[in-house]
Amino acid sequence: MKFVKFNIAPRAGFVFAAAALAASAALAGGNHGGGHHDESPIGEPGVATNVTRTIEVDAADSMRFTPSNVSVKKGETVRFVIKNSGKVPHEFSLGTQKELDEHYEVMKKFPTMEHEEANKISLKTGKQGEVIWRFTKPGVVNFACLHVGHYEAGMKGQVKVAAK
């Protein structure tokens, strides 16, 4: 019987690189739900030059957003300027109720997770940031602070998107 010597070490780097490339391609392909942003029921990232209105939102330690209810029109691009007026970190996260609930479960496991994505932003004490969003479908888009305890305390709101 003849034995063939097979050295795996040179191939291990290749296998690792291929696996990493495949994983990054899968992550780049969409959002948490695996879809593309243009398929989102809540709209799509907005372009600053297309902003039709700016809405200032206060995130306070009373576990409330002010305002907590906003009305927009389908097709409108809105700049949300969110200010954390509190003494603890807050975030502003746009999504469907299902997306927010799912992400809240992740936040429970990773409470120090910070965001700076098209539809969400984390804000340290006294800081402000913005989310620019284009609302492409009529209906309700939810927003919330998904820090542990904040969401349950009522730190949420809604954007009502009128058909026109």
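1. Strands here are DSSP runs of E, at least two residues long, numbered from the N terminus. The model is predicted. M63 sits in the loop between β2 and β3. Its phi is positive, about 65°, although M63 is not a glycine. Most residues other than glycine have a negative phi. M63 counts as buried because its relative accessible area is 15%, and buried means under 20%.

2. The peptide bond from T66 to P67 is cis, with omega near -5°. Most peptide bonds are trans. P67 belongs to the loop between β3 and β4.

3. Next, the sheet. Five strands form an open sheet in the order β1-β9-β5-β2-β3, and the pairing is mixed. β1 (44-45) and β3 (64-66) are the edge strands, each pairing on one side only. β2 and β5 run in the parallel sense, paired over seven bridges. A59 has N84 of β5 as its bridge partner.

4. The largest nonpolar core has 24 residues. F65, F80, I82, F92, L94, F135 and V159 touch the most other members. Several elements give two or more residues to this core, among them β2 (53-60), β5 (77-84), β6 (90-95) and β11 (156-162). A second, separate core has six residues, including L100, M107, A144 and Y151.

5. What is F135 in contact with, leaving aside neighbours within four places in sequence? The partners include I42, V72, F80, V141, V159 and V161. K73, K74 and E76 are also among the contacts of F135.

Note on methods: Residues are numbered from 1 along each chain as its sequence is written. This is a predicted model: local features need pLDDT of at least 70, side-chain atom pairs count only at pLDDT 80 or more; totals for chains, interfaces and linings use all residues. Side-chain values use heavy atoms; hydrogens and water are left out. A nonpolar core is a set of buried Ala, Val, Leu, Ile, Met, Phe, Trp, Tyr and Cys residues joined through side-chain atoms within 4.5 Å. Buried means under 20% relative accessible area, exposed over 50%, partly exposed in between (1.4 Å probe, protein chains only). Helices (H or I, at least four residues) and strands (E, at least two) are DSSP runs, numbered from the N terminus. Contact means heavy atoms within 4.5 Å. Two strands pair if DSSP finds at least two bridges between them.
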